[in-house]
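I opened the model to look up two things.

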Amino acid sequence: RFIDEYDKLTNSAEDYTLNLVGLPEHVTSEKDLKHILEKELRMQGKIHGVAICYNIVEMKERIEEMIEHIVEYDAMRLGWIEEDFSTPMHLLEDELAKDKADLEE
């Protein structure tokens, strides 16, 4: 009961937020999506902002692997570790190239 009354008396982001689900995969620009929504909803200049969120839970292990590649590569490049104690630089560069290609898909 208190929560309902408090919600009626206060403004929060929830009061002005829409959650769109199932956007086409090609819609990746928040700026473009904002313009589309303003046009379709007839709200020119009235939409404050748009944030596109991604569910990356399924990619958690892969993302952690990518971060490890970046950290190891930077540590070697900056001279913090030697190649004798790490993955050879040319193999790390290959892995980073694969990581980049995966992210661009």
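My entries on both follow.

I am working with a predicted model, where local features need pLDDT of at least 70, side-chain atom pairs count only at pLDDT 80 or more, and totals for chains, interfaces and linings use all residues. Residues are numbered from 1 along each chain as its sequence is written, and side-chain values use heavy atoms, without hydrogens and water.

**Helix pair.** I looked up α3 (residues 60-77) against α4; they pack at about 140 degrees, with axes 10 Å apart. Axes are lines fitted to C-alpha atoms over the stretch in contact, and angles run from 0 to 180 degrees between N-to-C directions. That angle makes α3 oblique to α4 (oblique is what remains after under 35 degrees, roughly parallel, over 145, roughly antiparallel, and 65 to 115, roughly perpendicular). Helices are DSSP runs (H or I, at least four residues), numbered from the N terminus.

I then listed contacts (heavy atoms within 4.5 Å). On the α3 side I found, among them, Arg62, Met66 and His69; α4 brings residues including Met89, Leu92 and Glu93. By class, I noted eight nonpolar, one polar and eight charged residues in this contact. Nonpolar covers Ala, Val, Leu, Ile, Met, Phe, Trp, Tyr, Cys and Pro; charged covers Asp, Glu, Lys and Arg; the others, Gly among them, are polar.

The lining of the largest pocket has 20 nonpolar, seven polar and four charged residues.

Terms used: Helices (H or I, at least four residues) and strands (E, at least two) are DSSP runs, numbered from the N terminus.
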